[in-house]
Protein chains: 2
Amino acid sequence: MREPDGPVLAVDIGGTKIIIAIITADGRIMAEERQPTLVVEGVQAVIGRLFSGIDNLLEQNNLRPTQLRGISLAVAGPIDSSRGLVTVSPNMPDWHDVLLRDMVGERCGVDAFLVNDASAAALGEHRFGAGRGVNNLVLLTLGTGIGGGIVIDGKLYLGACGSAGEPGHMVIDVNGPECGCGRRGCLEALASGTAVARDAVLRLRQGEKSSLVEMVGGKMEDITAEKVGEAARKGDALAQGVISRAGTYLGVGLANLVNIFNPEMIVLGGGMVNLGELLLGPARQVALAQSFPISARAVRIVTAELGERAGIYGATAYAFDSDRRLA
Amino acid sequence: MREPDGPVLAVDIGGTKIIIAIITADGRIMAEERQPTLVVEGVQAVIGRLFSGIDNLLEQNNLRPTQLRGISLAVAGPIDSSRGLVTVSPNMPDWHDVLLRDMVGERCGVDAFLVNDASAAALGEHRFGAGRGVNNLVLLTLGTGIGGGIVIDGKLYLGACGSAGEPGHMVIDVNGPECGCGRRGCLEALASGTAVARDAVLRLRQGEKSSLVEMVGGKMEDITAEKVGEAARKGDALAQGVISRAGTYLGVGLANLVNIFNPEMIVLGGGMVNLGELLLGPARQVALAQSFPISARAVRIVTAELGERAGIYGATAYAFDSDRRLA
């Protein structure tokens with residue numbers, strides 16, 4: 001590390017935008033900027049924009065890279081943490097085995113860190129959000145897909161090579177719908193935003209009635225989980241049914257995790273959480289009814305507090321934790 | 001603790017027998033004895049036999065309780081480790097909220113420890129068996145039921161109150177057969193010894209042919225997973241099909257665990273492992289094919305090495321680890 005007491009430059013590279021921020025050890029955001037990811041322009045263009053974003057933010061804040069504790073990157077997809085490698089990334093289809101950590105470290109002359117975005121979110125919520133003071137927690141990010149992160153004994157659990165924490169790809173219905181990962185009936189294929197939109201369209205095509213059709217002007221491909229949520233809040237029965245079904249599946253997945261981890265806390269984040277009790281009510285009910293009573297009594301199921309900043313907060317904590325490990 | 005360098009008196013209370021042993025810190029078994037559990041005689045009778053077994057073994061070896069590091073007990077079922085409580089136990093239906101740890105500690109005047117038997121097996125295999133030198137592992141005991149234990153960072157992971165590690169009660173088929181825990185389609189309901197026997201009987205009742213019928217003299221209720229295994233080894237197609245199906249479900253469960261834990265190792269123990277490649281072949285194949293490639297490459301799926309002594313070895317390691325925590 002260059003400057004052990006310096007702030008971290010934290011980056012969250014998402015499918016639609018890149019958030020770059022300078023954050024102190026105690027979680028103060030000194031500066032932040034955002035730019036579109038523009039995945040379609042390809043890996044090199046995205047990395048080019050990342051570098052200029054980093055340069056800009058440092059310049060605007062009169063910081064040299066050597067004054068940083070390091071640069072820490074959160075990215076979607078399975079990460080090989082020993083090699084600092086983005087193996088594949090669901091939101092960025094042309095990213096394969098990108099040695100992002102060393103590219104950033106060498107370009108900027110700093111220590112660099114790379115962590116999965118949902119793992120970062122789990123650590124972020126643990127240090128600065130819903131999970132402060134908790135020893136063990138499991139976080140799920142409920143969005144287009146379902147990601148996850150695990151904190152054990154107050155530390156991020158990464159597994160053998162950094163790719164632990166994929167409860168979205170836990171099969172709960174072996175005969176269920178196909179998942180992007182190739183399996184059938186993963187939690188992600190049953191309770192993600194994509195699953196909610198797909199189920200609504202499926203039921204409409206089977207001839208069921210819903211205000212959704214009018215809402216999208218008959219364009220089925222415009223139906224999203226957000227729109228299903230909007231229709232449900234206005235009392236649409238089909239929309240409510242679809243969300244409640246996703247919540248039930250989510251509950252089955254959560255009960256599995258409660259039985260496996262006996263966690264103190266499960267934190268639910270991601271855009272789907274905005275569906276509120278329509279989704280979370282059945283999820284909580286099933287999770288607690290279906291898990292071992294002793295573990296059900298021990299767990300609090302809460303929503304995330306840091307919103308879209310969970311990744312940059314977590315990347316920051318990860319860099320400070322990593323330094324401690326190296327020390 | 002009374003004697004930090006002394007051996008541990010380790011006990012494994014199973015549904016059919018109690019194993020009691022005196023074991024040193026480096027895993028040397030100084031003495032061992034077994035007796036039937038005789039669950040039907042009730043909690044007090046079992047505990048009475050436990051006490052006399054402990055007394056006998058100490059006397060035979062010229063040891064006083066104060067020369068022990070402690071007495072450490074492994075018991076099936078969810079344990080409340082903070083209170084030293086056996087909440088319920090699948091093999092001992094009349095055990096409810098038995099304060100076993102303190103009963104033993106006070107009766108014998110020693111420090112006592114209580115841990116779930118499959119968690120103990122995981123720790124035992126980690127210290128003295130298949131998992132030596134590994135940082136993270138998940139163990140499954142494949143028997144009448146399916147238990148589990150988790151070692152993370154070289155330590156037993158117990159969760160918020162000691163009941164972590166129940167991958168047998170992870171639903172993988174929401175529409176599957178009922179499980180003893182009340183859910184549907186748990187791994188235990190699809191891949192345990194009980195499930196194998198049930199599936200064989202089901203197919204026979206549907207009119208399929210098998211040498212099993214003759215083997216049990218027409219008594220369907222005498223069909224066990226062991227007998228199904230025997231028939232399968234002799235080439236019986238129905239028996240082979242039933243075991244291979246259980247192996248496939250086991251593989252789905254293992255893939256879930258690989259995606260969640262990215263473990264270095266999965267250890268498979270319990271009587272079902274004797275079914276050999278008929279069960280383990282499909283399990284391994286499905287587990288590796290269905291999990292993320294980066295995690296699949298990192299995991300070794302192996303069989304347990306300590307047999308029925310895994311529990312007493314693990315209880316021993318648990319006592320020494322606990323002492324270290326208290327120190």
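## A loop residue and the basis of the model

With a relative accessibility of 33%, A:Asp222 counts as partly exposed (buried means under 20% relative accessible area, exposed over 50%, and partly exposed in between, with a 1.4 Å probe and protein chains only). A:Asp222 sits in the loop between helix H6 (212–215) and helix H7 (225–233) of chain A; helices (H or I, at least four residues) and strands (E, at least two) are DSSP runs numbered from the N terminus. Apart from neighbours within four places in sequence, A:Asp222 is in contact with A:Val216 and A:Lys227, contact being heavy atoms within 4.5 Å. A:Ala112 is 110 residues from A:Asp222 in sequence, and their C-alpha atoms are 40 Å apart in space.

The model is predicted: local features need pLDDT of at least 70 and side-chain atom pairs count only at pLDDT 80 or more, whereas totals for chains, interfaces and linings use all residues. Residues are numbered from 1 along each chain as its sequence is written, chains are lettered from A and ligands numbered from 1 in the order in which they are written, and side-chain values use heavy atoms, with hydrogens and water left out.

## The interface between the chains

In the interface, 44 residues of chain A are in contact with 44 residues of chain B. The two chains bury about 3400 Å² between them, 61% of it on carbon and sulfur atoms; this is the accessible area (1.4 Å probe) lost on putting the two parts together, summed over both. On the side of chain A, the greatest losses to chain B fall on A:Arg183, A:Ile260 and A:Ile294, together 19% of what that side buries.

Two salt bridges are counted between chain A and chain B, each a side-chain nitrogen of Lys or Arg within 4 Å of a carboxyl oxygen of Asp or Glu. One of them joins A:Asp153 to B:Lys155 at 3.0 Å, N to O. Strand E5 (79–80), strand E10 (146–152), helix H8 (237–261) and helix H10 (293–298) of chain A each supply at least two residues of the side that touches chain B. H8(A) gives the most to that side, with eight residues.

## Symmetry

Chain A is superposed on chain B by a rotation of 180 degrees with 0.0 Å of shift along its axis (RMSD 0.0 Å).

## Salt bridges within chain B

Over all chains, the structure holds 34 salt bridges. In chain B, B:Glu308 pairs with B:Arg34, the closest N and O atoms being 2.2 Å apart. B:Glu308 lies in the loop between strand E13 (300–303) and helix H11 (310–326), and B:Arg34 in strand E3 (residues 29–36), so the pair ties together parts 274 residues apart in sequence. Both partners are partly exposed: B:Glu308 has a relative accessible area of 41% and B:Arg34 one of 34%.

A second pair is B:Asp321 with B:Arg127, at 2.9 Å between the closest N and O atoms. This bridge links helix H11 to helix H3 (residues 117–128) of chain B, across 194 residues. B:Asp321 is buried at 8% relative accessible area, whereas B:Arg127 is partly exposed at 24%.

Definitions and conventions:
Copies are superposed by least squares on the C-alpha atoms of residues with pLDDT of at least 70 in both.
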